[in-house]
Amino acid sequence: MELHEKPQKPTMAILTYADENRVFRGNQENFIDLIRTGQEKGVLVYVMTTTDFKLLGKKALGYSYNFQTKKWKKQLLPLPHVIYNRIPYRKFELLPEVQQVLQICMRHGKIHFFNPNFFNKWTLFEWLSKSKNTQSLIPATQKLTTSEDLESFLQKHQNLYLKPIRGKAGKGIMKVSQIPEKASKTRRYQLSIQNKTKSHISRYSNVPQLWTQIREAIGNKDYIIQQGITLANYKHRPFDLRVLVQKNGKGQWSVAGIGARLAGKLSITTHVPRGGSIDDPAKLLDAGFGSATSKKILSKAKKSALILAKQIEKASQTMLGEMSMDLGVDTNGQIWFFEANSKPMKFDEPHIRQKSLDNLILFSMYLANSTIKPSRPAAGTAKRKLTAAHETKN
C-alpha cells in the first residue's frame with residue numbers, strides 16, 4: 001500500500017458502499033467527473049467505502065482514480081476536510097455497521113460531513129408543515145393506515161396519490177380518481193397502479209372494495225396519501241419541474257438548474273424510468289401560460305425551492321449541501337412541492353450537470369477553509385435522527 005505524501009490541499013472524500021463484484025457501489029462515472037472537476041479547481045477528491053473506512057491520524061484509506069490507466073487504486077490519502085455521502089441505497093445506509101460509520105463522520109471534530117442520510121417522504125411533509133413559509137407549498141398529505149383515511153380524503157379531493165414513504169423513481173405510486181356515474185348519481189372509483197412504463201387500471205363501486213385492492217397492493221410497506229394536483233400539461237401530457245438546489249462556494253443555497261419531466265402517455269408519473277421524458281421547462285410553460293407568465297412561474301419555482309431547502313435543512317438538524325426537488329405547477333400556475341431527494345441522480349441536462357459538479361467542489365472548498373464548525377446535534381440526537389427520521393431514496 002502506497003503512502004500519499006503530497007502537501008495537504010482542500011480534500012473531499014466521497015463515501016459509498018463496497019461491492020463484491022466491482023470496486024464499490026454507486027455511479028462511478030459521477031465520481032470520476034467529481035474527481036476531474038476537483039483537479040481543475042485544486043481540490044483532491046477520492047472515494048472511500050464504509051467497509052474500508054479508516055481515519056488514521058492525518059491519513060485515510062481511499063481510492064484514487066488514474067485517468068491514464070482508467071483504474072482505481074486503493075491507498076492511504078490525506079484525511080479529508082469534507083465527506084460527501086453517496087451511499088446509494090437505504091438498505092445499505094440502515095445496516096448497523098454503516099450506521100456506525102455515519103456516527104463517526106457526524107461526530108468527528110475536524111471533518112465536515114454533509115447529506116448524512118436519505119429523506120423519508122412523511123418526515124419531509126411534517127417538517128414543511130411546521131413553517132408558515134412552506135405550508136402553502138405542500139398538498140394535503142397524511143399517513144395512509146386505514147380505509148377511513150382513504151374515505152376522508154375522497155370526500156375532499158377528486159384525485160389522490162398514494163406513495164410509498166421509502167419509494168424511488170416513481171415505483172409503487174398509485175392514483176385514485178372519482179368517476180361520477182351520471183345515471184345512478186353514485187361515485188365510482190378508478191385505481192391506477194404504476195407498473196414500469198404503464199399503469200394497470202381497475203374500477204370499484206365502493207370504498208371497501210377499493211381499499212381491499214389497495215391493501216393487497218401495498219402489502220407491508222408504509223404509504224402516504226396525498227391530494228391530487230391537476231398539473232399543467234403539454235399536448236395532453238402532464239409535466240412537473242425537477243430543481244437541483246445546492247450550496248455554492250459561499251455556503252449559501254442556490255438553484256443549480258431547473259429541468260422538466262413530461263409524463264409518459266400511459267404513465268401516472270413523470271419519472272423517466274416510468275416512461276417520462278426530459279424536456280425544456282420554458283418551452284412547456286410558454287405553451288400553456290405564455291412567455292411572460294412562464295418567466296414568472298420559473299422565478300417563483302426558484303424562490304420556492306430555496307425556501308423549501310432552508311426549511312428542510314433547519315428541521316433536519318443536519319448539514320445538507322444539495323437536494324433535488326420535484327415541484328408541480330398546476331393549471332393556475334401555482335407551485336406545489338411533491339418530493340425532495342438528498343442524493344440526487346445525475347441531471348442529464350449538460351448545463352445543470354456541469355453546474356452541479358462545480359457547486360459540489362466549491363462548497364467543499366468553502367467547508368475546507370471554514371474555521372467555524374457548523375453546529376451539530378449531540379451524539380445521541382444524531383443517532384436517533386439517523387435511524388428514525390431519515391430513511392429514504394435514490
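Over which ring does the charged end of K91 sit? In this predicted model, the ring in question belongs to Y89, and the charged end of K91 lies 5.8 Å from its centre.

A pair of aromatic rings is described by the distance of the centres and the angle of the planes. Across the whole structure, a search finds twelve aromatic pairs. One of them joins Y89 to F92 in an edge-to-face arrangement, with 5.7 Å from centre to centre and 80 degrees between the planes. Y89 has a relative accessible area of 32%, so this residue is partly exposed, whereas F92, at 9% relative accessibility, counts as buried. F119 and W127 also form an edge-to-face pair, with centres 6.4 Å apart and planes at 90 degrees. Both F119 and W127 are buried. Elsewhere, ring pairs connect F24, F31, Y63, Y65, F67 and W72 into a cluster.

Helix α1 spans residues 28-40 and helix α10 spans residues 350-368; their axes come within 9 Å and cross at roughly 60 degrees. Because of this angle, α1 is oblique to α10. The crossing of α1 past α10 is right-handed. On the α1 side, the residues that meet α10 are E29, N30, D33, L34, T37 and G38. Their counterparts in α10 are R353, Q354, L357, D358, L360 and I361.

Key. Residues are numbered from 1 along each chain as its sequence is written. This is a predicted model: local features need pLDDT of at least 70, side-chain atom pairs count only at pLDDT 80 or more; totals for chains, interfaces and linings use all residues. Side-chain values use heavy atoms; hydrogens and water are left out. Rings of Phe, Tyr and Trp (its six-membered ring) pair if their centres lie within 6.5 Å; planes under 30 degrees apart count as stacked, over 60 as edge-to-face and the rest as tilted. Buried means under 20% relative accessible area, exposed over 50%, partly exposed in between (1.4 Å probe, protein chains only). A charge sits over a ring if NZ of Lys or CZ of Arg is within 6 Å of the ring centre and within 35 degrees of the ring normal. Axes are lines fitted to C-alpha atoms, for helices over the stretch in contact, and angles run from 0 to 180 degrees between N-to-C directions. Helices (H or I, at least four residues) and strands (E, at least two) are DSSP runs, numbered from the N terminus. Angles under 35 degrees count as roughly parallel, over 145 as roughly antiparallel, 65 to 115 as roughly perpendicular and the rest as oblique. A crossing is left-handed if the near helix is turned anticlockwise from the far one by less than a right angle, and right-handed if clockwise. Contact means heavy atoms within 4.5 Å.
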